[in-house]
Amino acid sequence: MNIKRGLFRLWLVLSIAWIAFMGYDFYDRIKSPYIPLQEYRYVPETKKFIPHVDETDPMKWMDFTRTRDRVEFPINVIAYIPSELPGEDAHALRRRFHAEFVVPRETEVSTKRREYILELVHAAFWPPVAVFLIGAALVWAFSGFARAKVE
């Protein structure tokens, strides 16, 4: 019976299972990293988008939603654009908003995705490497207790 070979095979099987489990655990985070919601409202007087803060007064909120169109963009970004704008102007505002706020968020998502991949590599590979090194050290240490071969 070769204990070294058996332990190595056990380590190999458990390492593959660990790496597969960690890949499964990180899959959703890597596929679609969580980015907090950001909302902006367009202010016609200043011709700028400013961060939106929800109204605490229900009547003001109803007035606000009646006069604004809620436009949802990918990557958790929302813009409130005045409803009275002509279609062409509203479309131009959407394009401008996309360029100013949505495109930078795409970079943020890519950065977050890279962070999760690096975290996955560390979480998936360091434990098996550590177990291998500890096991190799133990096998080496206990091989010193083996009987000397008689000639």
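Begin by selecting Glu39, which, once neighbours within four places in sequence are set aside, is in contact (heavy atoms within 4.5 Å) with Ile50, Pro51, His52, Asp54, Arg70, Ile78 and Tyr80. What you have open is a predicted model, in which local features need pLDDT of at least 70 and side-chain atom pairs count only at pLDDT 80 or more, while totals for chains, interfaces and linings use all residues. Residues are numbered from 1 along each chain as its sequence is written, and side-chain values use heavy atoms, with hydrogens and water left out.

Glu39 lies in strand S1, strands (E, at least two residues) and helices (H or I, at least four) being DSSP runs numbered from the N terminus.

Next, select His52, in the loop between strand S2 (48-51) and helix H2 (58-67). Is His52 buried or exposed? His52 has a relative accessible area of 9%, and therefore counts as buried, the cut-offs being under 20% for buried, over 50% for exposed and partly exposed in between, with a 1.4 Å probe and protein chains only. Its side chain makes a polar contact of 3.0 Å with the side chain of Arg41. Not counting residues up to four places away in sequence, His52 touches Glu39, Tyr40, Arg41, Trp61, Phe64 and Tyr80.

Technical notes
A polar contact is a pair of N or O atoms within 3.5 Å; within protein, one must be able to donate a hydrogen and the other to accept it, and residues adjacent in sequence count only if both atoms are side-chain atoms.
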